[in-house]
Amino acid sequence: MAQVNKQAIAAAFGRAAAHYEQHAVLQRRSADALLAQLPARSFARVLDAGCGPGRLSRYWRDRGSRVTALDLSAQMLDEARRQDVAHYYLAGDIESLPLATATFDLAWSNLAVQWCHDLPQALRELYRVVRPGGYLAFTTLLEDSLPELHQAWRAVDNRAHANRFLSYETLCDAVGGWQGHCQSLTLTLAFDDALSAMRSLKGIGATHLHEGREARVLTRSQLQQLQLAWPQREGKSPLTYHLFTGVIERD
């Protein structure tokens, strides 16, 4: 795997900060799936790791939790702060959390750890900051996500246009040493056309390729090729995500 450029990732998400939420349908549905996996209890202190503009930080704050919103992107944190979603705001990297051990009752991370270079290290850090009896809850993307995007781009070139994601087995192994459970699910979003589907990725800032992206403008002919090659379902252009949810209880 190529070395992850954290500055480039932060910059890509920073550019999307102001309009992120209007494109974040996947993030909302993923969060709902993860919430359903948590025990029905309150969490006094919550870390929202990879908070973005802070929709879930607000969710936990509204339920009485003391919330720390953490993100790699300063612009995302500025947006979260502007919306007053948390009690504390912290710029930081999930793989090296600037936080004390055993601080939180819940470390929550929705669709963020796929941007880490070393997923086991990211999970170890999230686990470290949870108190005994607390929980680590996270979602990430699985391999074979975005098949429609890959199929459409193959009509234009042979380059990678999305990052590679880990397999379900690899992720289960990563959480296997702890007490918890995991599951996979598939979510498919429907768009009016292929360009709208691709704009949804740009709208949330998910545009950084770990292996680099060629700077170029697509021709009208190439755009038409993409549109024609994108699979159709009931008159819509689908975009499919395979998700992994993991919930771990701290010993």
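**Charges and a cavity**

Lys6 pairs up with Asp93 in a salt bridge (a Lys or Arg side-chain nitrogen within 4 Å of an Asp or Glu carboxyl oxygen), with 2.7 Å between the closest N and O atoms. This pair ties together distant parts of the chain: Lys6 sits in helix α1 (residues 6-16), while Asp93 is in the loop between β3 (88-91) and β4 (104-110), 87 residues apart. In total, the structure has 10 salt bridges.

Keep in mind that this is a predicted model, where local features need pLDDT of at least 70, side-chain atom pairs count only at pLDDT 80 or more, and totals for chains, interfaces and linings use all residues. Numbering runs from 1 along each chain as its sequence is written, and side-chain values use heavy atoms, with hydrogens and water left out.

Glu143, Asp144, Glu169 and Asp173 form a negative surface patch (residues with over 30% relative accessible area and no salt bridge, like charges joined within 9 Å; areas by Shrake-Rupley with a 1.4 Å probe). Of these, Glu169 belongs to helix α7 (residues 168-175).

Searching the whole structure turns up one cavity of 30 Å³ or more (points on a 1 Å grid where a 1.4 Å probe fits but cannot get out). The largest cavity holds about 40 Å³, and its lining residues (an atom within 4 Å of a point) include His23, Gln27 and Tyr241.

Methods
Patch = residues over 30% accessible without salt bridge, like charges linked within 9 Å, V, L, I, M, F, W, Y side chains within 5 Å. Lys, Arg positive; Asp, Glu negative; His and termini not counted. Charge placed at Lys NZ, Arg CZ, Asp CG, Glu CD. Helix = DSSP H or I, 4+ residues; strand = E, 2+ residues; numbered from the N terminus. 1 Å grid on protein atoms, 1.4 Å probe; cavity = no way out; pocket = protein on both sides within 12 Å on 5 of 7 lines; lining within 4 Å. Points joined across faces, edges and corners; volume = space filled by probe spheres on them.
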